[in-house]
Amino acid sequence: MASPEIEALTQALSRLPGLGPRSARRAVLHLLKKRETALDPLLSALGAVSRNLATCGICGNVDTSDPCQICADPRRDTRALCVVEEVADLWALDRSRLFPGRFHVLGGRLSALEGVRPEDLRIDRLVARIAAGGIDEVVLAMNATLEGQTTAHYIAERIETYPVRVTQLAHGLPVGGELDYLDEGTLAQALRARRPVA
């Protein structure tokens, strides 16, 4: 049996996404074996993030500064704004380095079943950012779910009176995807979004 402190660490790690009790035990054993090269740097990094954690007042990103690194970056195109549901979506898109603009995190998506209404999300802040001017394009990067598409449609209606171009991410076949393994919804979207061969 492990000490109560080690057991508490194992329990805490097992609550992280993707880690169950067995994986958490293996991670704890690794941290204990490699105290100087793994445990101490991890504790230091966690402490620094915990002391400085902030939600960006502009876009809703989670960072160690407010405004976040993305909003503070003068190289970003301020005329392009990408709207995402969650911080994880922002990080995934930013990691690709394909979108040069700024972001806006809604903090979720509309869902009648879960009781998530427009006022529960950062939609009013989004509209205020657009109303302030200086934005030419709004990219609605919602997930390809019923709730995600409902949210995108709602936002498009809310901002239709502003002089901005509203676009959304393409949906359809993933690169390397085989038709036999794709669901009907993905195939239908791919067929609807087909384009001429160049």
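Predicted model: local features only at pLDDT ≥ 70, side-chain atom pairs only at ≥ 80, totals over all residues.

1. Residues are numbered from 1 along each chain as its sequence is written, and side-chain values use heavy atoms, with hydrogens and water left out.

2. Let me start with the largest nonpolar core, which has 17 residues. The term stands for a set of buried Ala, Val, Leu, Ile, Met, Phe, Trp, Tyr and Cys residues joined through side-chain atoms within 4.5 Å. Buried means under 20% relative accessible area, exposed over 50%, and partly exposed in between, with a 1.4 Å probe and protein chains only. Val83, Ile130, Val138, Ile155 and Ile159 have the most contacts inside this core. At least two of its residues come from each of strand E3 (77–84), helix H6 (123–131), strand E5 (137–140) and helix H7 (146–158). Helices (H or I, at least four residues) and strands (E, at least two) are DSSP runs, numbered from the N terminus. H6 gives the largest share, four residues.

3. Setting aside neighbours within four places in sequence, Ile159 is in contact with Val127, Ile130, Val138, Val164 and Val166, where contact means heavy atoms within 4.5 Å. There is also a second, separate core of 15 residues, with Cys56, Cys71, Val87 and Val139 among them. As background, nonpolar side chains tend to be buried together in soluble globular proteins.

4. Axes are lines fitted to C-alpha atoms, for helices over the stretch in contact, and angles run from 0 to 180 degrees between N-to-C directions. On the H1 side, Ile6, Leu9, Thr10, Leu13 and Ser14 take part, and they meet Pro21, Ala24, Arg25, Ala27, Val28, Leu31 and Leu32 of H2.

5. H2 also packs on helix H3 (residues 35–52), at about 115 degrees and with the axes 6 Å apart. That makes the two roughly perpendicular. His30, Leu31, Leu32 and Lys33 of H2 and Arg35, Ala38, Leu39 and Leu42 of H3 make the contact.

6. What is the angle at which the axes of H6 and H7 cross? They cross at roughly 40 degrees and come within 11 Å, so H6 is oblique to H7. Here Ile123, Asp124, Leu126 and Val127 of H6 meet Tyr154, Ile155 and Arg158 of H7.

7. Two backbone details deserve a look. Asp66 and Pro67 are joined by a cis peptide bond, with omega about 5 degrees, and Pro67 is in the loop between strand E2 (62–63) and helix H4 (69–72). Arg97, in the loop between helix H5 (87–96) and E4, has a positive phi, near 60 degrees. Arg97 counts as exposed, at 75% relative accessibility. For context, most residues other than glycine have a negative phi, and most peptide bonds are trans.

8. Beyond residues up to four places away in sequence, His104 touches residues including Ile58, Leu81, Val83, Arg122, Leu126 and Arg129.

9. Leu121 sits in the loop between strand E4 (101–105) and H6 and is buried, with a relative accessible area of 9%. Its C-alpha atom is separated by 5.7 Å from that of Gly107, 14 residues apart along the chain. Among the residues that Leu121 touches are Leu106, Arg109, Leu110 and Val116.

10. Finally, Gly148 is in helix H7 and counts as buried at 0% relative accessibility. Apart from neighbours within four places in sequence, Gly148 is in contact with Glu85, Arg109, Met142 and Asn143.

Terms used. Parallel < 35°, antiparallel > 145°, perpendicular 65-115°, else oblique.
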